[in-house]
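Subject: Structure handover and notes

Hi there,

Here is the structure I promised to send over. Please open it alongside this email, and my notes follow below.

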Amino acid sequence: GTFLVVGGCLVFATVDHLVGKTINRFTPVIEKKLTSQIGHPLKIGDYKGLSLWGVKLGSSSVLEGFNDASSIKASSLIVEIAPIATLLNRYPVAIIRPKQAEVFLMPNDKGNYWEMSPSGKGKAPKLEIRLQIPNSAKVFVKSKKNEILVRGNVAFNIFRKHTFGSLRLKL
């Protein structure tokens with residue numbers, strides 16, 4: 001019994017270490033690819049460990065865009081792969097759960113709060129991102145004075161350019 005527990009702990013520690021090294025290695029590539037698709041520089045936080053179906057990441061942010069000044073920051077993220085949805089859809093379905101998220105929406109000269117890829121270059125990845133906000137995220141429109149609390153679930157199917165979900169807003 002003790003041998004199995006010690007062996008299991010060693011296997012978990014080894015897998016955790018390897019996953020951390022892999023994520024740190026591919027983070028710049030992922031940031032660059034997603035930045036080109038969302039029109040905003042992306043900064044993914046440091047690897048913080050494994051979760052049941054994914055990983056925990058540190059403070060992450062989506063910086064002001066190329067065509068607007070809107071941005072997002074979160075104190076931490078849990079990023080998971082939805083295994084059944086991924087198998088059924090035949091492309092990755094990622095679930096992102098931000099903690100202490102703040103969204104700053106600032107309109108540009110055209111009145112748009114968020115503009116996607118500025119160049120339209122590159123093929124959109126076959127990927128669906130499901131954003132789950134169980135605890136209220138703060139959304140600020142035009143200034144820190146105009147705060148809206150948001151909870152809910154939204155899915156972004158990047159290659160189909162389709163969004164769906166539901167949000168609860170509290171002014």
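To start: which residue forms a salt bridge with Lys73? The partner is Glu102, with the closest N and O atoms 3.6 Å apart. Please keep in mind that this is a predicted model. Lys73 sits in strand 5 (residues 71-74) and Glu102 in strand 8, so this pair ties together parts of the chain that are 29 residues apart in sequence. Lys73 is partly exposed, at 43% relative accessibility, whereas Glu102 counts as buried because its value of 15% falls under 20%.

The count of salt bridges comes to 4, and here are two others. Glu115 and Lys110 meet through their side chains at 3.5 Å, N to O. Glu115 is buried, with a relative accessible area of 12%, while Lys110 is exposed at 64%. Glu128 forms a salt bridge with Arg130, and their closest N and O atoms are 2.7 Å apart. Here Glu128 is buried at 4% and Arg130 is partly exposed at 27%.

Now for the aromatic rings. There are 2 aromatic pairs in the count. Tyr91 and Phe159 pair edge-to-face, at 5.0 Å centre to centre and with 80° between the planes. This pair links distant parts of the chain, 68 residues apart: Tyr91 is in the loop between helix 2 (83-89) and strand 7 (93-99), and Phe159 is in the loop between strand 10 (147-157) and strand 11 (162-170). Tyr91 is buried at 5% relative accessibility, and Phe159 is partly exposed at 24%.

Phe104 and Phe140 have ring centres 5.1 Å apart and planes at 15°, so this pair is stacked. Phe104 belongs to strand 8 (residues 102-105) and Phe140 to strand 9 (residues 128-141), which puts the two 36 residues apart. Both Phe104 and Phe140 are buried.

On strand pairing, strand 6 (residues 76-81) pairs with strand 3 (residues 54-57) in the antiparallel sense over 4 bridges. Within strand 6, Ile78 is the bridge partner of Lys56. Strand 6 also runs antiparallel to strand 7, with 6 bridges joining them. There, Ile81 has Ala94 of strand 7 as its bridge partner.

Val29 lies in helix 1 (residues 2-38) and is exposed, with a relative accessible area of 53%.

Best wishes

How values were computed:
Residues are numbered from 1 along each chain as its sequence is written. This is a predicted model: local features need pLDDT of at least 70, side-chain atom pairs count only at pLDDT 80 or more; totals for chains, interfaces and linings use all residues. Side-chain values use heavy atoms; hydrogens and water are left out. Rings of Phe, Tyr and Trp (its six-membered ring) pair if their centres lie within 6.5 Å; planes under 30 degrees apart count as stacked, over 60 as edge-to-face and the rest as tilted. Buried means under 20% relative accessible area, exposed over 50%, partly exposed in between (1.4 Å probe, protein chains only). Two strands pair if DSSP finds at least two bridges between them.
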